[in-house]
Amino acid sequence: NFNIVSIWRGGGSGLIGRGTSFAAPIVSGVLGLIKAEYPNASPQKLAAILKSTTDDISGVDGNDTYQGMLGTGRVNAHKALLPVTTPFITYVNHKTDDGFDQNLAGGDTVLMLVDLKNHLGNASNVSVLLRSADENTIVLDSISFISSIGSDAIETTQSYFKFVINSSVEANQFVSFSLEIT
């Protein structure tokens, strides 16, 4: 936790807050600046700009105990208002095929394509890695690619991911995956 010092109305300065809850109005303010710069941007694009222009704070003294909980970092209003050229790619949808009835069940071998959206700058040679996030599946073919994806475009992975659903998985039981997009 850090002390927040600000200027008092009428002059002077002093401690006005302590802790991370003070981040919400700062982040909201930066988001307002981004919205003013890009008035027609979707909420997803605004969030992408905010997240892609943060400063990495994982190496800041005292943050070692917060690894994995720092999000994309500390907001940076200056960087957020500069022209954005880096891509920001997110998951949109997926299509699966078990080669049979499309009612995925334990023991099925499944092919899957993934749709991704690029909210910001153009990207080429995008690599997509699929990992199982639980013990309910085993991923057999874990890598696919997208040759290029423009700003505000949605593209589908070029080749199928392939996984097997554990035979102990029951009807309507969730399976979880993670995607690493580089």
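Q: Where is Asn172 found in this predicted model, and why is Asn172 called exposed?
A: In this predicted model, Asn172 is found in the loop between S9 and S10. Its relative accessibility is 79%, and exposed means over 50%, so Asn172 counts as exposed.

Q: What makes the phi of Asn172 worth a remark?
A: The phi of Asn172 is near 65°, which is a positive value in a residue other than glycine. Most residues other than glycine have a negative phi.

Q: Which residues is Asp55 in contact with, once its neighbours within four places in sequence are left aside?
A: Asp55 is in contact with Thr72, Gly73, Arg74, Asn76 and Lys79, where contact means heavy atoms within 4.5 Å.

Q: Which residues of helix H2 are buried, and what do the buried residues pack against?
A: In helix H2 (residues 43–52), the buried residues are Lys45, Leu46, Ala48, Ile49 and Leu50, and the buried residues of H2 pack against helix H1 (23–37) and helix H3 (77–81).

Q: What makes a set of residues a nonpolar core, and which residues touch the most other members of the largest one?
A: A nonpolar core is a set of buried residues of the nonpolar kinds, such as Ala, Val, Leu, Ile, Met and Phe, joined through side-chain atoms within 4.5 Å. The largest nonpolar core has 16 residues, of which Ile89, Met112, Leu116, Val126, Ile149 and Phe161 touch the most other members. The elements that give two or more residues to this core are S4, S5, strand S7 (143–149) and S9. A second, separate core of 10 residues includes Ile34, Ala41, Ala48 and Ile49.

Q: How many residues of the lining of the second largest pocket are nonpolar, polar and charged?
A: The lining of this pocket, whose volume is about 410 Å³, divides into 14 nonpolar, 6 polar and 1 charged residues. Of the 21 residues that line the pocket, the closest to its centre are His94, Leu104, Phe163, Val175 and Phe177.

Note on methods
Residues numbered from 1 in each chain as written. Predicted model: local features only at pLDDT ≥ 70, side-chain atom pairs only at ≥ 80, totals over all residues. Heavy atoms only, no water. 1 Å grid on protein atoms, 1.4 Å probe; cavity = no way out; pocket = protein on both sides within 12 Å on 5 of 7 lines; lining within 4 Å. Points joined across faces, edges and corners; volume = space filled by probe spheres on them. Nonpolar A, V, L, I, M, F, W, Y, C, P; charged D, E, K, R; others polar. Buried < 20%, exposed > 50% of the residue type's maximum accessible area, 1.4 Å probe, protein only. Helix = DSSP H or I, 4+ residues; strand = E, 2+ residues; numbered from the N terminus.
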